Structures are given as C-alpha cells and as structure tokens.
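My notes follow in the order I looked things up.

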Amino acid sequence: MESADVVIVGGGIMGCALAYQLAKRKVDVLLLERETLGSQSTGKCAGGVRQQFSTEANVRVQRLSVKLLEAFEEETGHPADFRQIGYLFVFTQPQQVEDFRHNMDMWHRVGLTEARWVDPAEAAKMVPVLNVEDVLGCTFCPTDGIASPADVTSGYAIAARRLGARLKEGVEVTGIDLAAGRVQGVRTSAGEIATRMVVNCAGAWAASIGRMVGLEIPVLPYRRHIAVTGTFPTVPRTTPMTVDFRTSLYFHPEGDGVLIGMSDRSEPPGFVTDVNWEFLEKMFEQAARRAPALAGAGVKTAWAGLYESTPDHQAILGPIGEVEGFWCAAGFSGHGFMQGPAAALLVSQLLLDHKSEIDIAPFAFERFARGALVTERNII
Ligand SMILES: Cc1cc2nc3c(=O)[nH]c(=O)nc-3n(C[C@H](O)[C@H](O)[C@H](O)COP(=O)(O)OP(=O)(O)OC[C@H]3O[C@@H](n4cnc5c(N)ncnc54)[C@H](O)[C@@H]3O)c2cc1C
C-alpha cells in the first residue's frame, strides 16, 4: 500500500503552498487533488493581496504573505507577477470612516506604517475614473496589490515536486480511517494510502472532509462573480485595486482591461457556480455609479467561483484536537489566495517546530466550541 508521512487533501493555493513548505523541510508529503491543481476557488479568484484587515492576526499574517510574495521568484524560481499597485478602500458612510480610524491605529501599531488616509481629491487623482461625489475618505496601502493565482500556485507546485513531494491530480479522497481516535489512512478513488497525518486543504469542500472524521467544520460555500472588460486604457495598469466598501464592488486593471467583482450578499450558500447574468447587471449598475466610465466597457468574459466562509470570516488553521493527526488549513472566507503563502509557512512551522513565527492561535478550530469568535469585518 502507498504511504506518506503527510497527506494533503486539496490542491489549491493552500495545498500547493503547504506541500512546498513541508517538502522544503524534508517531509514525505503526498497531495491529492480530485480535479486539477488550482482549478477551483484559487483559479477563479481576483488575485488581490492586501493587508488592510480589521483583526490584528490577519494583518500580521498578511504582512508575512506580502514578504513571501515579494521574495517568491527568488525562493521558488517562478514568477508571482506580484504588482504592488496598492489597495484603495473607498468610504461613503461615517461609520466606515470611524471603524477604519481604529483600523489605521492598529495597522500602524503592528508595523503597517505605509498605510494612510487619502482624501477624495487625491483619490480622484489616483483613480481618475472614480466618482468621488459622495466619498468621505479612503485608506490606501501602497504595498498591497495583485498577483497571479495561476503563477503562484503552479510555482509552489513545481517547486514542491522538485523537492520530492508527490502531487496527484484526478484523485478524490473518499474517506479517512481512524483507530483509537487517530488518523490511520485515507481512502481514495485510486486506492488506499497509509498515513498518520491528514491536512484538510479542501477549501469550500472542507466541511465534507471534516465529516469523514465525524467533525462539523463550519465552512460554507458562497458563489462570487467576476467580469473582465475588453481593452480599457482609461484604467491603466498602475491603477490601484479600488474597493467601494459599502457595496463590495471592486475593480483593478487586468491585462489591458479591467476586472470587476462584487458580492451578492443576499445569496444563500450553495455549490452552484453558473454565472447569474441578472446579478452581473446589478454589478455593472454599481460599477457605473462608482466609476461612470466603466458603463461603456464591454464584458469580455465572466465567471463565478466559491468563497469558503466561516462564521467569523477567519481561516481555520492547525490541529483539530478531537482527532489526532487531523489538521485543517481552510475556510479563508474569500481571502485565501493572499493568505495561503503565509498560512502554509506558519502551519508547517507549528507542525514541525511546535510553534510558529506568528501566533496562529486566533485561527484555532477550538474557538468555535469556546464561542470565542472575533469577526473579521473588512470583507468584500
Ligand atoms: C470570485 C472570487 C474572487 C476572489 N478574490 C480573491 C482575492 O482577490 N484575493 C484572495 O486572497 N482571495 C480571493 N478569493 C478567495 C480565494 O479564491 C480562496 O480563498 C482561495 O483560493 C482558497 O484556496 P484553497 O486552496 O483553500 O481552496 P481551493 O482553491 O478551492 O482548493 C481546494 C481544492 O480541494 C479540492 N478537493 C475538494 N474535495 C476534495 C476531495 N474529496 N479530494 C481531493 N480534492 C478535493 C478541490 O477540487 C479544490 O481544488 C476569491 C474567490 C472568488 C470565488
């Protein structure tokens, strides 16, 4: 029977980054992906990388991710296409300004000193298509930006394989065997594998992997849309990622066009990823209000993918006390591409060194049982 020291379930950004970090530390690792690497949420994502979160833990993790992405090519030999064009959060409600004043204090305290306030006039200079009529203020962080989900995921995957990790596509994990409360192996569509350690990196499907060991992991799938316009020189490639915080509408330059996204906050959870064109019309109405010039941009392509949301919009990282040898790195709640690089390093450190360079206790699964939830509020 095939065996591995660690089996990773899921080959999105999280699984591939973790395979790399473990292989780098000489762990015998086997990653199983039922589709193809990076084809699910990771392949559908907008590529945004920001540090402007509301919880300190997320800001610290994100600062590490930014450092890892800056050094990605040197580290893995592959480009990340990380372009630090900045993120501009746009506020139109007094409460948002108040909340982000607190955020700004915290950001500066934890070292994100480059983040700053931008007034409407400056915002209009930075993003000339922006309608600032009702804008009260904005926050801007110049070290935020966008990276390529395909490049980062495949870069980690190739580097992991080079270091000896086995990454298999088209293999579905169908069950996990336990004995005396600890992991003994996994059952798959391609046979059984003996292992004493499984890491659940199954993204929006993390709950189904949890059920294999009798656990309820609170991750729910939510459909999220993106549209990309044709060539649109009015939004040059240096334009920051711009977020209208009230509506969740965001846009950033994508190739020679513009990528536009928005969350349908009224849609219930579900695994459907067909494009809802009626919702896209609403998204374009909002886009035309916030950036009127975008009304004239034709849609070149559109798609939908899944957010993988937890009740507090924070990831679940680390061991799950109830089952020995079962760990989780999932539930990133729509910010997993940007958190994957840091999360993988921190989880590998916790596993191998019993402590990580940033404390990931705030992301522990046990917080749900304790009812100690600290909600991440800066979600899009
Ligand atoms: C429209 C949209 C825009 C987004 N924009 C951003 C953004 O700008 N920035 C950002 O950071 N994040 C963004 N996200 C969120 C981001 O895409 C996710 O948080 C991230 O990709 C999660 O990575 P993952 O590896 O955990 O999950 P995934 O990429 O979904 O990988 C999980 C994998 O597990 C596999 N799997 C599931 N069950 C099994 C099984 N039984 N056996 C084997 N394999 C299995 C799946 O096939 C899948 O490939 C966006 C998401 C969407 C949908």
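I began with the backbone of Gly-48: one of its N or O atoms lies 2.8 Å from an oxygen atom of the ligand. I count a polar contact as a pair of N or O atoms within 3.5 Å; within protein, one must be able to donate a hydrogen and the other to accept it, and residues adjacent in sequence count only if both atoms are side-chain atoms.

The protein covers 99% of the 990 Å² of accessible area that the ligand has on its own. Such areas come from the Shrake-Rupley method with a 1.4 Å probe; for residues, only the protein chains shown count as cover.

A note on the source: this is a predicted model, where local features need pLDDT of at least 70 and side-chain atom pairs count only at pLDDT 80 or more, while totals for chains, interfaces and linings use all residues. Residues are numbered from 1 along each chain as its sequence is written, and side-chain values use heavy atoms, with hydrogens and water left out.

Next, two further ligand distances. I found an N or O atom in the side chain of Glu-33 at 2.6 Å from a ligand oxygen atom. A backbone N or O atom of Arg-34 is 3.2 Å from a nitrogen atom of the ligand.

Then the domains, with bounds from an automatic or database domain assignment. I have domain 1 as 2-47 + 150-219 + 312-370 and domain 2 as 87-142 + 222-308.

Last, I looked up Glu-267, in the loop between strand 17 (257-262) and helix 9 (277-290). Is Glu-267 buried or exposed? It counts as buried, because its relative accessibility is 16% (buried is under 20%, exposed over 50%, partly exposed in between; 1.4 Å probe, protein chains only). Its side chain makes a polar contact of 2.9 Å with that of Arg-223. Leaving aside neighbours within four places in sequence, Glu-267 is in contact with Tyr-222 and Arg-223.

Methods: Helix = DSSP H or I, 4+ residues; strand = E, 2+ residues; numbered from the N terminus. Contact = heavy atoms within 4.5 Å.
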